[in-house]
Amino acid sequence: MTRDSAFLAALAELHSAPVADCLDQAGLPCAVMAPHIRPVSPDFRVAGFAATMHVVEVEAKPDDTANYYTNELAAVDGLRPGDLLVVSHARKAGFWGELLATAAARKGAVGLVGDCYARDSHALTEMNFPSFVAGFNPLDSLGRLDVDSLGTDVECGGVTVRQGDLVVADADGIVVVPAEVIEPIVSAVRAKLAREDAMRHDLRTGMGIVEAFRKHEIL
C-alpha cells in the first residue's frame, strides 16, 4: 500500500459516513465501531493505517524500572507517517496521554483510536492530536495495564482490526476498511464526495430534493 504524500493527503479528506456508504455499495461488510468510543474534541477527524496494540490488565509494576512501559514505548517509537494507533479494550487506568501523543506525532502518526481511557484531555485537544477513546481516567497505566503484543489483530469497539487496515474516525463514528480494498474504496469515496458537491450546488441554487436525487442518485 502506497504511503506517498498525495495518498496521505487524500486520506485526510475522508469522512466516516461516505466511507460506510461505499463499503455498502461494494457489498462489503461495514465494520463500524461501537459508539461509546468518542473523540476527545468534537472537531477531531482522522484517517490512517492501523498500528495495533493489544493491552492486558496487570496487578503490579515490573520489578526492574528498565521494563516500565516497554512495549507501549516500542509501539510509539515504531510508528510511521500515516499510522493510526488502535488499542484494544483497556479500562483499568488512563492508557493514553499527552507525552505519548507528542512522541507519536513526531513520528508522523495521525491519531489514536482506542477502546481505552485517556488522560491529559485538555492537552490532547490543544495539541490537536486526534484521539478517540472510551472515556477518561487520571490513573497511570503503570502497574495496571501493559501491552502484550504489537501488530496483531485486536478487537476495538466490537470490531476486529488488523495491522494495516484503514481506520476513518470523526464525530459520526469510526469505520474500518480492510487493507486489501483500501485503494478502491478511497477512490469510490472521492468520487462520491465529488457527486455530493455537485448535488449540494444544485440544492443551494434551487433544485428540489426529489429532482436532485434523481439526477445524482446519492443522499
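1. Is D140 buried, partly exposed or exposed? At 25% relative accessibility, D140 counts as partly exposed, where buried means under 20% relative accessible area, exposed over 50%, and partly exposed in between, computed with a 1.4 Å probe on protein chains only. The structure is a predicted model, in which local features need pLDDT of at least 70 and side-chain atom pairs count only at pLDDT 80 or more, while totals for chains, interfaces and linings use all residues. Residues are numbered from 1 along each chain as its sequence is written, and side-chain values use heavy atoms, with hydrogens and water left out.

2. D140 takes part in a salt bridge with R119, the closest N and O atoms being 3.9 Å apart; a salt bridge here is a side-chain nitrogen of Lys or Arg within 4 Å of a carboxyl oxygen of Asp or Glu. R119 lies in the loop between β5 and α5 (121-126), and D140 in the loop between β7 (135-136) and β8 (145-150), so the pair ties together parts that are 21 residues apart in sequence. Helices (H or I, at least four residues) and strands (E, at least two) are DSSP runs, numbered from the N terminus. R119 is partly exposed as well, with a relative accessibility of 30%.

3. By the rule given above, the count comes to 9 salt bridges. Side chains of opposite charge can pair when their charged atoms come close. One of these pairs joins D115 and R91, with an N to O distance of 2.5 Å. Because D115 lies in strand β5 (residues 111-118) and R91 in strand β4 (residues 83-96), the pair ties together parts that are 24 residues apart in sequence. D115 is buried, at a relative accessible area of 6%, whereas R91 counts as partly exposed at 25%.

4. Within helix α6 (residues 182-204), D197 and R200 are 3 residues apart, which means that about one helical turn separates them. Their side chains form a salt bridge in which the closest N and O atoms are 2.7 Å apart. D197 is partly exposed at 47% relative accessibility, and R200 is partly exposed at 33%. Elsewhere, D21, K192 and E196 are linked in a network of salt bridges.

5. D170 deserves a separate look. Leaving aside residues up to four places away in sequence, D170 touches H15, S16, F44, R45 and F132, contact meaning heavy atoms within 4.5 Å.

6. D165 is placed in the loop between β10 (159-161) and β11, and at 3% relative accessibility D165 counts as buried. A polar atom of the D165 side chain lies 2.9 Å from the backbone nitrogen of R162, and the side chain of D165 reaches the backbone nitrogen of A179 at 3.0 Å. Not counting residues up to four places away in sequence, the residues that D165 touches include G48, F49, T160, V177, P178 and I182.

7. Helix α3 (residues 70-77) and helix α4 (residues 98-106) pack at an angle of about 30°, with their axes 8 Å apart; axes are lines fitted to C-alpha atoms, for helices over the stretch in contact, and angles run from 0 to 180 degrees between N-to-C directions. That angle makes α3 roughly parallel to α4, since angles under 35 degrees count as roughly parallel, over 145 as roughly antiparallel, 65 to 115 as roughly perpendicular and the rest as oblique. The contact is made by E72, L73 and V76 of α3 together with L100, A103 and A104 of α4.

8. Two backbone angles may be worth checking by eye. Y69, in the loop between β3 (46-57) and α3, has a positive phi of about 55° although Y69 is not a glycine, and Y69 is partly exposed at 26% relative accessibility. D120, in the loop between β5 and α5, has a positive phi of about 60° and is likewise not a glycine; D120 is partly exposed, with a relative accessible area of 36%.

How values were computed: Polar contact = N/O pair within 3.5 Å; in protein donor to acceptor, adjacent residues only side chain to side chain.
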